[in-house]
Structures are given as C-alpha cells and as structure tokens.
Amino acid sequence: MPEFTTSDGCRLHFSEAGSGRPLVLIHGWAQSAELFKHQISALSQRCRVVAPDLRGHGLSEEPGHGYRLARLAKDLFELLAALDLREVNLLGWSMGCAVIWSYWDLFGPRRLARLILVDESPRLLKSPGDDLGYRGLDEAADICRRLRQEQPELVKWFVEGMLTIEASPAEKDWLLEINLKLPGARSAALYFDLAAFDGRDVIPRINLPTLIIGGGKSHIPRSSQAWLREHIPDSRLEILDDFGHLMFYEAPERFNELVAGFIG
C-alpha cells in the first residue's frame with residue numbers, strides 16, 4: 001500500500017498502476033481515488049496512473065489541520081516531487097479542479113504537461129451578472145451546518161444528486177461509505193474553503209493544453225464549462241450530454257476514450 005508523508009507530517013495513500021508518462025487523478029470533495037477505478041484499470045494500460053487520496057479522505061491520514069485548497073495543492077506538489085513525476089498529465093474532477101487551479105496559482109506549470117478539468121465551475125457561489133456559480137451563500141452555509149449536525153442525511157442527498165443512472169443499493173451504499181470517511185467537521189471546513197474560492201483570476205493564466213469535460217445533466221452550469229473554454233487559450237470542451245457529475249464512473253468507456261485521445 002504506497003504512502004507518502006507531506007512536509008507537515010500527514011500520511012497520504014495513493015494508488016499506482018502502469019508505466020510510462022504519468023497521469024495523476026485528483027478526486028473531489030469528500031470522495032476518494034476509489035471512484036477512479038475504471039480509469040486506473042483502463043488507462044494504466046497506456047501510461048503510469050497515480051491517484052492519491054487527499055488528506056482526510058479515503059485511506060489517507062486524518063490530521064487536525066490543512067483542510068483548505070492551498071494545502072491540498074501543496075500536498076500534490078510535494079507528492080509529484082517525491083515520486084519525481086515530470087511532464088504530468090493532471091486530471092481533476094469537481095473540487096479536484098480547484099486544487100489544480102490553486103496549484104497553478106502557487107507553482108505555475110512546474111512538473112505539468114497537460115490538464116484535464118472535469119465538471120467544475122471557476123466559482124461555487126452565485127453572483128449577480130454571470131451564471132458561473134451554482135450555490136447561494138445561505139445554501140452553502142446551510143450545507144456546512146448540516147455536515148456538522150446531520151452528515152449522513154446531507155451526504156445521501158449529495159450522492160443522489162450526482163447520479164443520472166439508477167445505481168444498485170450496493171453501489172449507493174459504497175458511495176455513501178466513501179463520502180462519510182471524511183468526518184463532518186473536516187468536511188464542512190473544506191467545503192467552506194471551496195465555497196470561498198474564486199479561480200477567475202488564475203484560470204486565464206493557464207498556458208498548457210487543456211481538455212474540459214462536463215456533464216450535460218450535472219448541477220455544474222454548462223455555461224461555466226464554456227467560460228473555461230473561452231478563457232484557457234489552448235483548450236477544448238467536451239460535454240457528455242446524457243450524464244451528470246459522475247460521468248467518468250457512469251460512462252467510463254466514453255470518458256476514458258476522451259482522456260486517452262487527449263494525452264496521446
């Protein structure tokens with residue numbers, strides 16, 4: 001079971017398979033690398049796939065500090081350095097995109113070759129004058145409150161909202177179990193930081209080839225995916241119309257085909 005210890009003493013678990021040019025997969029808020037199982041098995045046939053569990057998530061250690069995007073970005077940078085990964089194809093899903101944008105803000109393109117941004121908006125909170133955000137301030141605050149007071153009920157609502165294909169009871173239980181591995185107080189702290197994040201001044205400075213993948217039935221506004229395409233010069237946008245936020249899990253063959261074609 002491969003592990004890496006960050007500069008502030010947090011043990012991070014990661015999955016690794018295949019060989020060749022690295023593809024690093026960053027999961028979303030309250031998720032884990034387990035959700036990328038279809039990508040790890042298929043894409044490791046053509047490249048070296050590394051998928052870490054972020055701090056507090058999955059099999060990684062749960063420290064009492066560091067539940068903010070900047071620290072997660074530093075953890076990622078330290079992991080790439082520890083494994084001596086260069087010319088990395090870096091994929092982020094949901095909050096994983098915000099981790100990538102925070103990484104870019106701190107470290108620029110160091111160790112990176114290409115980016116794959118999967119179904120996230122530059123900004124979570126709604127704001128007058130644009131249609132990028134998807135949560136109101138009061139709604140985000142209520143989510144943080146419920147994570148502290150009634151996490152299982154909130155997580156069940158969240159999981160149901162991500163699915164567009166009817167999942168078996170066993171699959172739903174598995175997804176719920178993954179989400180509940182991050183304790184409510186830690187989950188709320190990280191969600192609060194994500195809600196406050198605004199990547200609109202970072203994203204236009206990205207100068208690497210970038211693939212943007214959105215879900216046509218996702219809660220993430222399609223307009224936000226178009227905004228990313230417009231503001232990242234060397235980018236292209238693909239929308240999987242029949243799927244939502246979990247398109248990489250629900251339609252793995254189509255998703256993996258897009259990623260494989262992009263990274264070459």
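Trainee: Which residue in β5 is the bridge partner of I26?

Mentor: Two strands are said to pair if DSSP finds at least two bridges between them, and strands themselves are DSSP runs of E with at least two residues, just as helices are runs of H or I with at least four, numbered from the N terminus. Here the partner of I26 in β5 is G92, and strand β3 (residues 22-26) runs parallel to β5, joined to it by four bridges. Please keep in mind that this is a predicted model, in which local features need pLDDT of at least 70 and side-chain atom pairs count only at pLDDT 80 or more, while totals for chains, interfaces and linings use all residues. Residues are numbered from 1 along each chain as its sequence is written, and side-chain values use heavy atoms, with hydrogens and water left out.

Trainee: How many bridges does β5 form with strand β6?

Mentor: β5 pairs with β6 (residues 112-118) over six bridges, again in the parallel sense, and L91, for example, has I116 as its bridge partner in β6. Together with helix α3 (residues 95-107), these two strands make a right-handed β-α-β unit, where right-handed means that, with the strands pointing away from the viewer, the path from the first strand over the helix to the second runs clockwise.

Trainee: Why is β5 described as largely enclosed by the rest of the structure?

Mentor: In a regular strand the side chains alternate between the two faces of the sheet. A residue is called buried under 20% relative accessible area, exposed over 50%, and partly exposed in between, using a 1.4 Å probe and protein chains only. Strand β5 (residues 88-93) is largely enclosed because six of its six residues are buried, with V88, L90 and G92 covered on one side and N89, L91 and W93 on the other.

Trainee: Where is E34, and which residues does it touch?

Mentor: E34 sits in the loop between β3 and α1 (37-43), and its relative accessibility of 33% makes it partly exposed. Taking contact as heavy atoms within 4.5 Å, and leaving aside residues up to four places away in sequence, E34 touches W174, I178 and K181. A polar contact is a pair of N or O atoms within 3.5 Å; within protein, one must be able to donate a hydrogen and the other to accept it, and residues adjacent in sequence count only if both atoms are side-chain atoms. By that rule, the side chain of E34 makes polar contacts with the side chains of W174 at 3.4 Å and K181 at 3.3 Å.
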